[in-house]
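Student: Please pick one part of this model and take me through it closely. After that, I'd like to hear how the rest of the chain goes with it.

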Amino acid sequence: MAQIVKRAYRYRFYPTPEQASELARTFGCVRLVYNKALEERTRAYTLEGRRVSYAESSALLTAWKREEELAFLNGVSSVPLQQALRHLQAAFANFFAKRAGYPVFKSRKKSRASAEYTRSAFRWRDGRLWLAKMNGPLDIVWSRPLPQGAQPSTVTVSRDAAGRWFVSLFVEESVRPLDPAETVVGVDAGISALVTLSRPIPGGTDGDGKVANPRHERAGRRRLAKAQRSLARKAAGSANRAKARLKVARAHARIADRRQDFLHKLSTRLVRENQVVVIEDLTIRNLVRTHTLARAISDASWRELRSLLEYKARWYGRELVVIDRWFPSSKLCGACGALQKAMPLNVRAWECACGAVHDRDVNAAKNILAAGLAER
Ligand SMILES: [Zn+2]
């Protein structure tokens with residue numbers, strides 16, 4: 001049975017100077033409204049032990065717009081400001097449901113600048129997009145086609161730290177579950193290999209289940225490290241420092257883009273080829289902060305891969321099983337079930353007393369699969 005899902009299509013675009021300054025103003029107002037509403041909610045929560053509703057913060061926004069020193073809020077489209085309040089509402093709902101930490105302020109430097117427009121605040125005609133309070137359609141680079149006849153329901157505009165502009169169009173689409181697959185797979189998260197699968201995959205390194213990190217990543221990381229070193233040498237507040245910071249941001253963005261692309265392809269493939277995909281819950285890793293670039297990237301990738309697998313499995317009628325984080329996947333012998341006492345990170349291959357010889361990661365992936373199938 002087909003189901004209707006909301007899918008985002010993201011593109012780069014090039015604003016006119018006029019559009020760019022209107023958007024920058026809008027981003028600033030979105031951030032201000034979000035932060036002010038957060039402040040108010042925090043005050044009500046800590047001083048009065050009370051939760052502020054969306055309607056209440058929306059009424060506050062109306063009041064702020066009447067204040068003289070906040071009158072500039074009237075200069076931008078009101079929809080992105082309302083959407084900021086909705087996002088804050090969602091952040092608090094997640095906090096109260098213990099799914100997320102307490103919402104934090106949006107910072108001009110550290111948060112991604114963005115504004116969300118709903119139907120009433122944009123016009124979409126013949127594949128062209130106009131935003132409220134802005135002249136002319138956006139100059140969008142259509143790097144992949146939108147599905148035919150697509151009608152975006154929401155449009156999000158953002159600018160990343162590297163100064164690149166993006167527009168995401170949310171489109172309702174009907175997806176059909178795939179025909180059932182016979183195969184199942186366990187996925188182990190790694191650092192040297194991005195992930196290791198419980199069975200060999202065509203195109204894997206050495207014919208085993210290892211999925212290597214995307215190509216060019218080493219070069220990208222080297223470039224990033226170099227840019228970071230150069231930034232560290234620049235005097236605070238200097239023009240050279242700003243330039244160096246932009247270089248760091250660009251190097252970061254390049255790695256992130258390639259990763260994203262890679263993870264999309266990997267998750268699609270895992271979901272297409274397997275009826276059941278088993279992964280480990282690795283949220284615990286967040287507590288073990290080892291500040292290496294490789295680790296940070298691999299943790300971010302893992303979270304991203306998991307969320308991609310979650311929604312694609314739902315879309316295509318597959319099953320994603322997440323097993324307990326305490327399961328000793330690396331220490332169990334997949335052949336006889338004996339539990340090893342210790343398995344230091346540097347051990348890549350080992351031999352069990354039963355005579356089985358294991359690649360550490362492949363064995364772990366097989367154990368994850370077995371545990372997931374048992375848990376279902
Ligand atoms: Zn054994």
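Predicted model: local features only at pLDDT ≥ 70, side-chain atom pairs only at ≥ 80, totals over all residues.

**A sheet and its surroundings**

Tutor: Let's start with an open sheet of five strands, ordered β2-β6-β7-β1-β5 with antiparallel pairing. Strands here are DSSP runs of E with at least two residues, helices are runs of H or I with at least four, and both are numbered from the N terminus. Two strands pair if DSSP finds at least two bridges between them. The edges of this sheet are β2 (113-118) and β5 (140-141); each has a single partner strand, so one side of each is left without a neighbour in the sheet.

Residues are numbered from 1 along each chain as its sequence is written, and side-chain values use heavy atoms, with hydrogens and water left out.

Strand β1 (residues 3-13) is joined to β5 by two bridges, and the two run antiparallel. In β5, Ile 140 is the residue standing opposite Phe 13. Leading towards β5 from β4 (128-131) is a loop that holds Lys 133. Lys 133 isn't a glycine, yet its phi is positive, at about 65°.

Buried means under 20% relative accessible area, exposed over 50%, and partly exposed in between, with a 1.4 Å probe and protein chains only.

α3 itself covers residues 78-96, 19 residues in all, and spans 27 Å from its first C-alpha to its last, close to the 27 Å expected at 1.5 Å a residue. That expected span is 1.5 Å times one less than the number of residues. Just after α3 comes Lys 98, with a positive phi of about 60°. Lys 98 sits in the loop between α3 and β2, and at 74% relative accessible area it is exposed.

Another open sheet has five strands too, in the order β10-β9-β8-β11-β12, but its pairing is mixed. Its edges are β10 (210-211) and β12 (319-323), each with a single partner strand, so one side of each lacks a neighbour in the sheet. Five bridges link β11 (residues 276-280) to β12, and these strands run parallel. Val 276, for example, stands opposite Glu 319 in β12.

Now for helix α7 (residues 360-375): its 16 residues reach 22 Å between end C-alpha atoms, close to the 22 Å expected. Asp 359 caps the N-terminal end, placing a side-chain oxygen 2.9 Å from the backbone nitrogen of Asp 361. The buried residues of α7 include Arg 360, Asp 361, Val 362 and Leu 369.

What about cysteines? There are zero disulfides, a disulfide being a pair of cysteine sulfur atoms within 2.5 Å. Cys 352 is buried at 5% relative accessible area, whereas Cys 336, at 43%, is partly exposed.

Zooming out, the protein chain has seven helices and 14 strands, and 42% of its 376 residues count as buried. Of its contacts with a separation of 6 or more, 70% are between residues 24 or more positions apart. The C-alpha atoms fill a box of roughly 80 × 60 × 50 Å along the principal axes.

Technical notes: Polar contact = N/O pair within 3.5 Å; in protein donor to acceptor, adjacent residues only side chain to side chain. Contact = heavy atoms within 4.5 Å.
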